[in-house]
Amino acid sequence: MSKKLSMDELNRLDISAYKTTEKFPYVIVLDDIRSMNNIGSAFRTGDAFKCAVIHLCGITAQPPHREISKTALGADESVDWLYFEEGAASRQALRAEGYQIVCVEQVQGAVSLEKFEPVKGKKYAFVFGNEVFGVNDEWIQEADFSLEIPQFGTKHSLNVSVSMGVVIWDFVSKIIA
């Protein structure tokens, strides 16, 4: 019979060790995310999969904030983040650092997630947009490409925090394989 592992048995990094460990070559970009629960979830996902940094853009709230921390459970202290009033400034910073900009959105010509083959050595910035309106057109026009998560039910989208988890897990699992 299996037993649940204790926190000691999980052998997790503490915040100072996490800050100095090598991160995977990706950034999470949150553009105009209105829900602080979704922002907190992005920090949890970023922590779980050693995100280089999170870009918070536009109306996206910034830590410290009680509503973000409630979902982040401390990950808002471990994962580095930057705030950009305008998405254009985030794009400029990402381009200057050599990131491929990848929108996670249902657009014409999007690559289906299962066909996405990240190139080892390249850096990726995954852009997630507003819960109602999706990724802003400026991001889509400037992106290197877009990814779409295949869906088979009656709804046409997933919650943004679920999309983040699916895409980031897929990316990390493919680059460590």
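Modeller: At 0% relative accessibility, Phe-126 counts as buried; the term means under 20% relative accessible area, with exposed over 50% and partly exposed in between, for a 1.4 Å probe and protein chains only. The model is predicted, and local features need pLDDT of at least 70, side-chain atom pairs pLDDT 80 or more, while totals for chains, interfaces and linings use all residues. Residues are numbered from 1 along each chain as its sequence is written, and side-chain values use heavy atoms, without hydrogens and water.

Phe-126 is among the residues with the most contacts inside the largest nonpolar core, together with Ile-28, Leu-30, Phe-43, Phe-128 and Val-167. This core has 32 residues, a nonpolar core being a set of buried Ala, Val, Leu, Ile, Met, Phe, Trp, Tyr and Cys residues joined through side-chain atoms within 4.5 Å. Two or more of its residues come from each of β1, α3, β2 (53-57), α4 (66-72), β4 (99-104), β6 and α8. The most is given by α8, with 7 residues. Helices (H or I, at least four residues) and strands (E, at least two) are DSSP runs, numbered from the N terminus. In soluble globular proteins, nonpolar side chains tend to be buried together.

Now the rings themselves. There are 8 aromatic pairs in the structure. Rings of Phe, Tyr and Trp (its six-membered ring) pair if their centres lie within 6.5 Å, and planes under 30 degrees apart are called stacked, over 60 edge-to-face, and the rest tilted. One of the pairs joins Tyr-26 to Phe-171, edge-to-face, with 5.6 Å from centre to centre and 70° between the planes. Tyr-26 belongs to strand β1 (residues 26-31) and Phe-171 to helix α8 (residues 160-176), so this pair ties together parts 145 residues apart in sequence. Tyr-26 is buried, at 0% relative accessibility, and Phe-171 is also buried at 0%.

Phe-171 has another edge-to-face partner in Phe-126, with centres 5.2 Å apart and planes at 65°. This pair too links distant parts of the chain, as Phe-126 lies in strand β6 (residues 123-128) and Phe-171 in helix α8, 45 residues apart. Ring pairs join these residues into a cluster made up of Tyr-26, Phe-116, Tyr-124, Phe-126, Phe-145 and Phe-171.

Two other rings have a lysine over the face. A charge sits over a ring if NZ of Lys or CZ of Arg is within 6 Å of the ring centre and within 35 degrees of the ring normal. Lys-50 is placed over Phe-24, at 5.3 Å from the ring centre. This lysine is in the loop between α3 and β2, is partly exposed with a relative accessible area of 23%, and has a positive phi of about 40° although it is not a glycine. Lys-23 lies over the face of Tyr-18, at 4.8 Å from the ring centre.

A pocket is an open set of points on a 1 Å grid over the protein atoms alone where a 1.4 Å probe fits, with protein on both sides within 12 Å along at least five of seven lines; lining residues have an atom within 4 Å of a point. Points are joined across faces, edges and corners, and the volume is the space filled by probe spheres set on them. The elements giving two or more residues to the lining are α1 (7-10), α2 (15-20), α3 (36-48) and α5 (75-78), and α3 gives the most, with 3 residues. The lining divides into 9 nonpolar, 3 polar and 5 charged residues, where Ala, Val, Leu, Ile, Met, Phe, Trp, Tyr, Cys and Pro count as nonpolar, Asp, Glu, Lys and Arg as charged, and the others, Gly among them, as polar.

Helix α8 also takes part in a pocket lining: α8 and β7 (145-148) each supply at least two residues to the second largest pocket, which has a volume of about 360 Å³. Its lining of 22 residues has Val-104, Glu-105, Ser-157, Leu-158 and Ser-163 nearest the centre, and divides into 9 nonpolar, 10 polar and 3 charged residues.
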